[in-house]
Amino acid sequence: MSVSPTYRPDPRFAQLGTEFGETVAAAEFPKTELRLRHNRAASEVGLDTLTDEEWISHFGRFAPLPGQPEPIAMAYHGHQFRVYNPQIGDGRGFLAAQMRDTDGRLMDLGTKGSGITPFSRHADGRLTLKGGMREALAAAMLESLGVPTCRILSLVETGEELERGDEPSPTRSAVMVRLSHSHIRFGTFQRAAYYSRRDELTELVEHARANYYPHLIEGDAAGFLHEVVQAQAKLCARWVAAGFVHGVLNTDNLNVTGESFDYGPWRFLPHYEPGFTAAYFDHDGLYAFARQPEAVFWNLTQLAGCLKLIADSEGLVASLNGFGPAYIRELRAAFVMRLGVKSVGEAADQRLMDCTLALLREKGEELRWEPLFFDWFGGFSSSARALGGPRGKCYQGEAFDAFRYALMEHEPDNPERLEHPMFRKAEPEEMLIDEVEAIWDAIAERGDWQPLNDKLARLEAARQAWGF
């Protein structure tokens, strides 16, 4: 076995016992053809030295990695579009392994499309190849923009024909593995609370505290909620600054470490549009772009409601009340970060954020979302590049004047980043739906994976250019 000496298995979740998940076996697939392996992410957990054959063995056929127990389908409930559902859980995935990364953090390998589990109900436990490709693109784009996110470690095509109601069928199948800091969801706590299992809630909080927030004292449920609230505020602010719409912000799609994951009907904004939705079935716009902070806070209140079984309400309410101030603080910081300038204090940073949003709102489709941050990255020092670029005509008028004056208050942050070749291009890397569909069409119609590989390579270059 050619795992790296830096590989450190540490299967902590299995210590919680059968109340929190059931051991399962992966499906046997007709074929296992490697389509994507994320070597940089793999190197962080000592798996980059696996040969392709070993990789497929572990992430296509799911032979256990050294020191790992049997896969565990995790048990959880959740609110789906605010309707409580006690019959979910890992229906087409499992926790395959846990290990430490190079920073000492506990990391999970979680699967999607790995077969039927006790939580599958009547579903087939499979993932479409297109769905796996879309997840890889979403995660790569978000990582490039500094959003806390899982990484798609592996995508293996599995040779089955799947029937789906929301895309042309039959369609090709795949199994995906994501690398994430945690797969413990808000819904994991909801399941314990649903059955009034104070003992399970206490055990779960202690597990999460010890492994993700060890600076807290044992039994500090309110302190644990505070940390989750702060992490979710940061995540939501980074989504908004990236122009990202998750699409399905159910309680089973948020985890305790504040990393984004489980990308189904996601979208990036083509231009400023507060009511933009990602899911065709989100008829009321519950999870629209501008309503994401509301959705995250609502989900946090559900988590707090679970913790009331084991903690005083006063401390939990205080932790929840921290979301609003934390979100605004993190949103200011995210806009300052995206523009590549230094913070100069709350008032000036707020002014810059407000003026940026006003300019995006006024110029709309003419400017789009991502190009503004690309044009003006590095602050006012990018004036010649922005004004001389393809959107130069957008940068005039009262809204632009206000933006320019607000930007002039801020010095560039690490201006050497502008020397990266990406900033000599006319256009930024965007991730709009037409490009995503074109990448899939190349795969589906011609078996051409080069557009996907090229896009992922450009996103990696963008990540380096932005400095993440």
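Author: The largest cavity holds about 120 Å³ of space. A cavity is a set of points on a 1 Å grid over the protein atoms alone where a 1.4 Å probe fits but cannot get out, and lining residues have an atom within 4 Å of a point. Points are joined across faces, edges and corners, and the volume is the space filled by probe spheres set on them. The model is predicted, so local features need pLDDT of at least 70 and side-chain atom pairs pLDDT 80 or more, while totals for chains, interfaces and linings use all residues. Residues are numbered from 1 along each chain as its sequence is written, and side-chain values use heavy atoms, without hydrogens or water.

Five cavities of 30 Å³ or more are found in the structure. The largest cavity is lined by 15 residues, and His58, Ala63, Pro64, Leu65 and Ala96 are the closest to its centre. Two or more lining residues come from each of helix H2 (52-59), strand S7 (95-100) and strand S8 (106-112); helices (H or I, at least four residues) and strands (E, at least two) are DSSP runs numbered from the N terminus. The lining of this cavity has 12 nonpolar residues, three polar ones and no charged ones. Here Ala, Val, Leu, Ile, Met, Phe, Trp, Tyr, Cys and Pro are nonpolar, Asp, Glu, Lys and Arg charged, and the others, Gly among them, polar.

Seven of its seven residues are buried, so S8 is largely enclosed by the rest of the structure. Buried means under 20% relative accessible area (1.4 Å probe, protein chains only). One side of S8 carries Leu106, Asp108, Gly110 and Lys112, the other Met107, Leu109 and Thr111, and both faces are covered.

S8 has pairing partners, where pairing needs at least two DSSP bridges. S7 and S8 run antiparallel and are joined by five bridges. Arg100 has Leu106 of S8 as its bridge partner. The two strands form a hairpin with five residues between them, and Gly104 in the turn has a positive phi of about 85 degrees. S8 also pairs with strand S11 (residues 171-180), again antiparallel and over five bridges. There, Leu109 has Leu179 of S11 as its bridge partner.

The second largest pocket gives a contrast in lining. Its volume is about 470 Å³. Of its 19 lining residues, Arg105, Val147, Pro148, Thr149 and Glu259 are the closest to the centre. A pocket is an open set with protein on both sides within 12 Å along at least five of seven lines. Helix H1 (39-44) and helix H6 (221-242) each give two or more residues to the lining of this pocket, and H6 gives the most, with four. Nine charged residues line the second largest pocket, along with six polar and four nonpolar ones.

Leu303 is placed in helix H7 and has 0% relative accessibility, so Leu303 counts as buried. Leaving out residues up to four places away in sequence, Leu303 touches Phe186, Phe189, Leu225 and Val228, with contact meaning heavy atoms within 4.5 Å. Leu316 lies 13 residues from Leu303 in sequence, and their C-alpha atoms are 9.8 Å apart.

Conventions. Buried < 20%, exposed > 50% of the residue type's maximum accessible area, 1.4 Å probe, protein only.
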